[in-house]
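Here are my notes on the model you asked me to look over.

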Amino acid sequence: MSLGHSELAPIGLFGGTFDPIHHGHLRPALELYEILGLAEVRLLPCADPPHRGRPLAPAPFRLEMAQAAVHDQPGLVVDDREMRRPGPSYTRDTLESFRAEFGEHRSLLLILGSDAFLGLPKWHRWEGLLELAHIVVAHRPGWALKPGAVLGDVMARRETDNAEDLHRLPAGRIYRQQVTQLEISSTTIREILDRGGSVRYLTPDPVVRMVEGSPHYFSTPARSVARVTR
Ligand code: ATP
C-alpha cells in the first residue's frame, strides 16, 4: 500500500494553544503530512485550554497567527471549531465533531507532541479518545517517551509500528514518528518578546510581524494596559 495524499487518506488533527504558533509546531505538522501521506493536517487552536492557565493572546489573535503561518502551505489548514464552541476545549468533543462530520470509516489521527502524550491520563475522558481516532506521537526534544503504568499499558495494547494501519483502520492505534527536533516553545518566544528581543527564525515572518507589534506579549505596565483591549 502506498501512503499517497488521496482524498480519503487520514486527516491529521493537531491541537494547541499556539500562543504563539512556531516552527516547532509547523515543521512536525508538515513532516507528518508528507511522511504519513495525509489528506491534510488541521491545526486547531483551542479557545480555553483545560490543562493550563489562560493564554496571553486572545483566541481570535491566536487563530489569526495560525492562519498567517500556513496561508501559502498546501496540506496545512486551520480549523476554528474549538473557538466556536463555548466552554473548555476538550479534545474528546473535538474528535466527536470530526467523527460526525467525516463518518465512521474515515481515518482520523490525533497528533500530539511527546509532552502532551505523556500528560494524556489527566485529560477529560481520555480513555475513549482511541475509539475516535489514532494517536500519532511526534517526538519533542527533552521529552523521552517513558510512560507511567497506565499509559504504558495502553501503549502495550495499542501501539503499532506499521503506518499502513493508520490508513487501513479509522481509529485505535498509537504510532510514534520521529520528526526534525526543534527545541522551540511558545514559552521561550513569550519570554524573548517580553524582554524586547527578536523572535525571527523561531516562527514564520508573518507571525513575527504580528507578535512583535502586539501588546499581548509584553508585561511592562504601559503595554499591559493595551493587552486587554484586543
Ligand atoms: P507553551 O510553551 O506555551 O506550553 P508549546 O510550545 O508547548 O506552548 P502548545 O501550543 O502548547 O505549544 O503545543 C501544542 C502541541 O504541539 C502539543 O502537542 C505539543 O506537544 C506540540 N509541540 C509544541 N512544540 C513542539 C516542538 N518544538 N516539537 C514537537 N512538538 C511540539
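1. A word on classes before we start: Ala, Val, Leu, Ile, Met, Phe, Trp, Tyr, Cys and Pro count as nonpolar, Asp, Glu, Lys and Arg as charged, and the others, Gly among them, as polar. On that basis, the shell around the ligand splits into 8 polar, 7 nonpolar and 3 charged residues. Please keep in mind throughout that this is a predicted model.

2. Staying with the ligand, which residues come nearest to it? Out of the 18 around it, they are Gly16, Gly24, Gly113, Ala116 and Thr187. Two or more shell residues each come from helix 1 (23–35), strand 4 (108–113), helix 5 (114–118) and helix 9 (186–194). Helix 1 has the largest share, with 3 residues.

3. Now the overall build. The protein chain has 11 helices and 6 strands.

4. How much of the chain is buried? Buried residues come to 38% of the 230. As for contacts with a separation of 6 or more, 76% of them join residues 24 or more positions apart.

5. Have a look at Phe14, which sits in strand 1 (residues 11–16). Is Phe14 buried or exposed? A residue counts as buried once 20 or more other C-beta atoms lie within 10 Å of its own. Phe14 has 24, so it is buried. Leaving aside residues up to four places away in sequence, Phe14 touches Ala29, Val41, Arg42, Leu43, Leu44 and Ile111. The C-alpha atoms of Phe14 and Leu110 are 6.3 Å apart, although 96 residues separate the two along the chain.

6. The loop between strand 1 and helix 1 deserves a careful look. Some background first: most residues other than glycine have a negative phi, and most peptide bonds are trans. Phe18 is in this loop, and its phi is positive, about 50 degrees, although Phe18 is not a glycine. Phe18 is also buried, because 24 other C-beta atoms lie within 10 Å. Pro20 belongs to the loop between strand 1 and helix 1 as well, and the peptide bond from Asp19 to Pro20 is cis, with omega near 5 degrees.

7. Arg125 also has a positive phi, near 45 degrees, in a residue other than glycine. You'll find Arg125 in the loop between helix 5 and helix 6 (129–132). Is Arg125 buried or exposed? Arg125 has 10, so it counts as exposed.

8. Last, a helix pair. The axes of helix 2 (residues 59–70) and helix 10 (residues 205–212) come within 8 Å and cross at roughly 150 degrees. Angles over 145 degrees count as roughly antiparallel, and helix 2 and helix 10 are therefore roughly antiparallel to each other. Which residues meet here? Helix 2 brings Met65, Ala68 and Ala69, and helix 10 brings Pro206, Val207 and Met210. By class, the contact of helix 2 with helix 10 has 6 nonpolar residues, no polar and no charged.

How values were computed:
Residues numbered from 1 in each chain as written. Predicted model: local features only at pLDDT ≥ 70, side-chain atom pairs only at ≥ 80, totals over all residues. Near = placed C-beta within 6 Å. Helix = DSSP H or I, 4+ residues; strand = E, 2+ residues; numbered from the N terminus. Buried ≥ 20, exposed ≤ 12 C-beta atoms within 10 Å, placed from the backbone. Contact = placed C-beta atoms within 7 Å. Axes fitted to C-alpha atoms, helices over the stretch in contact; angles between N-to-C directions. Parallel < 35°, antiparallel > 145°, perpendicular 65-115°, else oblique.
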